[in-house]
Amino acid sequence: MRINNPKQEELKIYFENLDTYIQTKGIKWIKYIDLGCKIIRLINFSDKFTPHVEKQLAYSLKNNAPKYDATVVIFQDDFEGLTSKISDEFNPKINLRLRIELIYSKKKELDLSIFDDNYSKHNPILNVNPERGFLNGYDISTNTYYYGVKNLDPEEFIKEGHIFVQIFNQILKTENTNMVHGAVVGLNDKGILFCARGQRGKSTLAVLSMMKGFEYVSDDYLVLEKEGENLYSYPVYSIITLSPRMYNELYNELEGTRFVSNNARKDKYVINIANYHHTFKSKYPISVCMFPEIVPDLNPSIKPCTNQEKGRAITHLVHSTINQMHGKHDIKTIQKLINMVKDFEFYKINLCPDIYKNVECLREFTLKLNNKEKNNDKLCIK
């Protein structure tokens, strides 16, 4: 059932009824997620959510915060009749068709999608889908996001890989900030932002670099914030995702990490890296951007990007960010992401089959960044 542009008093009742329903489950805990430029209050109504949150957000999850920018409410439900519970206080004169559908429908579980053009013409402001077993909602008046699921079994629940990633993406969309799909590592506060789609080697390079002493922000999702001409990055998750082949290749290096899940797809392994929190950096400055490509060469190399390669790298960053987080290809977001990185120097790293050589090549390059002011030439590593 789709409802378009309800009156504000109707929309208020929807969320009041939803809050009343969720409150009966009892609050398990309230914590805060520190994403650097934004702090999110997280209210948990299900104990089964706790291990997922604590494993994936171990670094950014805090017990207290002086203030917060948004609230995320999470709960588990079987969605039996939830739609009618959300809607059953409407006066039939206000929405007679809705009342008839709720009373006479033979379905025990009724889909509900509410669209408010003040929020989005494409994404519902409240969406209950019993068949798939989820609820997503956003109350504009209180800046509160709702995330309900039916199945919290570890494999099925994290099929998307990273918990709350789409909600974080919405919260972090400001004029100067955005969540992106990429990777950042560096040395001595000289950060390198890897711009590429999946399967191009950026995760393996970033993860192994972290294990070999690099400073680390992320291998997958991170926050970018522009301050004047400076670009900073913030970590979000305490997990990494590796293909089964890379997991096996890095197995000896992964000592002390904890296997979380096979992501319900068997093409990615999810691993907790909380024991590497000492390498994590927040508000980490970006110095250059890098475009990785896997090649059959015996040795890796790094060289400045051509204009065409720079364009490909930026395109990968933009499209991968929007596609991975199910966002819209809107001009405003695309232009913002382009403006964040377009003035940086871009380098291409050709990754050889020897992943350890790749890390040492990156180390040599990154150390030379510290002395770059003395060099008029762009850096090249062969």
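This is a predicted model: local features need pLDDT of at least 70, side-chain atom pairs count only at pLDDT 80 or more; totals for chains, interfaces and linings use all residues.
Tutor: Two strands count as a pair if DSSP finds at least two bridges between them.

Student: What makes β11 and β12 a pair?

Tutor: Strand β11 (residues 183-187) is joined to strand β12 (residues 190-194) by 5 bridges. The rule asks for at least two, so β11 and β12 pair. The two strands run antiparallel, and alanine 183 stands opposite phenylalanine 194 in β12.

Student: Which other strand is joined to β11, and how does that strand run?

Tutor: Strand β13 (residues 215-218) is joined to β11 by 3 bridges and runs antiparallel to it. The threshold is at least two bridges, therefore β11 and β13 are also a pair. Valine 184 has serine 218 of β13 as its bridge partner.

Student: What lies between β11 and β12?

Tutor: The two strands form a hairpin with 2 residues between them. Asparagine 188 in this turn has a positive phi of about 55°. Aspartate 189 lies in the loop between β11 and β12 as well, and its phi is near 65°, a positive value in a residue other than glycine.

Student: Why is aspartate 189 called partly exposed?

Tutor: Its relative accessible area is 45%. Buried requires under 20% and exposed requires over 50%, so aspartate 189 falls in between. Lysine 283, at 37%, is partly exposed by the same cut-offs.

Student: What makes β11 a mostly covered strand?

Tutor: Of its 5 residues, 5 are buried. Both faces are covered: Ala183, Val185 and Leu187 are buried on one side, and Val184 and Gly186 on the other.

Student: Why is leucine 337 called buried?

Tutor: The relative accessibility of leucine 337 is 1%. The limit for buried is under 20%, so leucine 337 qualifies. It is found in helix α10 and touches Asn178, Val180, Val318 and Thr321, leaving aside residues up to four places away in sequence. Leucine 337 and threonine 321 are 16 residues apart in sequence, and their C-alpha atoms are 9.2 Å apart.

Student: How do you know what span to expect for helix α9?

Tutor: The expected span is 1.5 Å times one less than the number of residues. Helix α9 (residues 307-324) has 18 residues, so the expectation is 26 Å. The helix reaches 25 Å from its first C-alpha to its last, which is close to that value.

Student: Which elements do the buried residues of α9 pack against?

Tutor: They pack against β10 (177-181), β19 (284-294), β20 (301-304), α10 (331-341) and β21 (346-351). Among these buried residues are Ala313, Leu317, Val318 and Thr321.

Student: Why do residues three or four places apart in an α-helix point the same way?

Tutor: An α-helix has 3.6 residues a turn, so residues at that spacing point the same way.

Student: What makes β1 and β4 edge strands?

Tutor: They belong to an open sheet of 9 strands in the order β1-β6-β7-β8-β9-β5-β3-β2-β4, with mixed pairing. β1 (2-4) and β4 (61-62) each have a single partner strand, so one side of each is left without a neighbour in the sheet. The partner of β1 is β6 (residues 112-115): 3 bridges join these strands, which run parallel. Isoleucine 3 stands opposite isoleucine 114 in β6.

Student: Which helix lies across β1?

Tutor: Helix α1 (residues 8-23) does, and it also lies across β5 (70-76), β6, β7 (126-129), β8 (134-139) and β9 (144-149), running at about 50° to β9.

Student: Which residues touch the most other members of the largest nonpolar core?

Tutor: Val53, Leu57, Leu135, Phe164, Phe168 and Tyr237 do so, in a core of 56 residues. Helix α1 gives the most to this core, with 6 residues. A second, separate core of 37 residues includes Leu242, Met246, Ile302 and Phe365.

Student: How much of the protein chain counts as buried?

Tutor: Of its 382 residues, 54% count as buried. The chain has 11 helices and 21 strands.

Note on methods
Residues are numbered from 1 along each chain as its sequence is written. Side-chain values use heavy atoms; hydrogens and water are left out. Helices (H or I, at least four residues) and strands (E, at least two) are DSSP runs, numbered from the N terminus. Buried means under 20% relative accessible area, exposed over 50%, partly exposed in between (1.4 Å probe, protein chains only). Contact means heavy atoms within 4.5 Å. Axes are lines fitted to C-alpha atoms, for helices over the stretch in contact, and angles run from 0 to 180 degrees between N-to-C directions. A nonpolar core is a set of buried Ala, Val, Leu, Ile, Met, Phe, Trp, Tyr and Cys residues joined through side-chain atoms within 4.5 Å.
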